[in-house]
Amino acid sequence: MNQAIQEETYGKLLLSDLLTNIWYGNWDKYEEILSQVPDTLKSELPFHDHYDREETSLWYDNHFKIPGAYFIPPYLSSYNDQSQEAQEQARQDVLCLIGEYEKFGFYYPLEQEEFPDHFGSVTAFITAAINAEVK
């Protein structure tokens, strides 16, 4: 693998890992990853300039954990039509997703006690795939 492709792959790995931790609200891991990133690269992450752990954690809980007026479901299946047919298709899609995870030996959603269609589970799967590519 040439140097430029290798750097790009590691960049994708870092970004997908950051997004996974953002979607799960794992701020310790987010900060740990960013502590290893040079300041010149941190400036390339437009969302990091707005990161304040306490405020971000509060907004995360208000938007993704506590049902209410501003709740945003972090599950892909939540965005399907509410018809019976669409709900059945969503169930089938989740089962297919679980099957793909199992083929890859990816059990992260189970370890996190989250549904497989949680955005964090999807980005964690992308992270695992990129990590396999690196190896």
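Tutor: Buried means under 20% relative accessible area, exposed means over 50%, and partly exposed covers what lies in between, with a 1.4 Å probe and protein chains only. This is a predicted model, in which local features need pLDDT of at least 70 and side-chain atom pairs count only at pLDDT 80 or more, while totals for chains, interfaces and linings use all residues. Residues are numbered from 1 along each chain as its sequence is written, and side-chain values use heavy atoms, with hydrogens and water left out.

Student: Is L19 buried, partly exposed or exposed?
Tutor: L19 lies in helix α1, which covers residues 3-24; helices here are DSSP runs of H or I with at least four residues, strands are runs of E with at least two, and both are numbered from the N terminus. Because its relative accessible area is 32%, L19 counts as partly exposed.

Student: Which residues form a nonpolar patch on the surface with L19?
Tutor: Patches are made of residues with over 30% relative accessible area and no salt bridge, like charges being joined within 9 Å and nonpolar side chains (Val, Leu, Ile, Met, Phe, Trp, Tyr) within 5 Å. The patch has about 210 Å² of accessible area together, by the Shrake-Rupley method with a 1.4 Å probe, where for residues only the protein chains shown count as cover.

Student: Where is confidence lowest in the protein chain?
Tutor: pLDDT is the predictor's confidence in each residue, from 0 to 100, and its mean over the protein chain is 87, with 99% of residues reaching 70 or more. Confidence is highest in helix α2 (residues 27-35), at a mean of 94. Where pLDDT is low, the predicted coordinates should not be read in detail. The lowest mean, 78, belongs to residues 108-112, that is, to helix α6.

Student: How many helices does the protein chain have?
Tutor: From the N terminus on, the elements run α-α-α-α-α-α-α, and the C-alpha trace spans about 50 × 40 × 25 Å along its principal axes. There are zero strands, and the number of helices is seven.

Student: With which residues is L18 in contact, leaving aside its neighbours within four places in sequence?
Tutor: Contact means heavy atoms within 4.5 Å, and L18 is itself a member of the largest nonpolar core. Once those neighbours are set aside, the contacts of L18 are Y30, I33, L34 and L45.

Student: Is P109 buried or exposed?
Tutor: P109 lies in helix α6 and, not counting residues up to four places away in sequence, touches Y24, Y101, E114, F115, P116 and S121. Because its relative accessibility is 5%, P109 counts as buried.

Student: How many residues apart in sequence are the parts that R53 and D28 tie together?
Tutor: R53 forms a salt bridge with D28, the closest N and O atoms being 2.7 Å apart, where a salt bridge is a side-chain nitrogen of Lys or Arg within 4 Å of a carboxyl oxygen of Asp or Glu. R53 lies in helix α4 (residues 53-65) and D28 in helix α2, so the parts tied together are 25 residues apart.

Student: Which residues are linked with R53 in a network of salt bridges?
Tutor: A search of the whole structure finds seven salt bridges, and R53, at 33% relative accessibility, counts as partly exposed. The residues linked with R53 in the network are D28 and E31.

Student: With which residue does E100 form a salt bridge?
Tutor: E100 is partly exposed, with a relative accessible area of 40%, and its closest N and O atoms across the bridge are 2.9 Å apart. The partner, exposed at 68% relative accessibility, is K103.

How values were computed. A nonpolar core is a set of buried Ala, Val, Leu, Ile, Met, Phe, Trp, Tyr and Cys residues joined through side-chain atoms within 4.5 Å.
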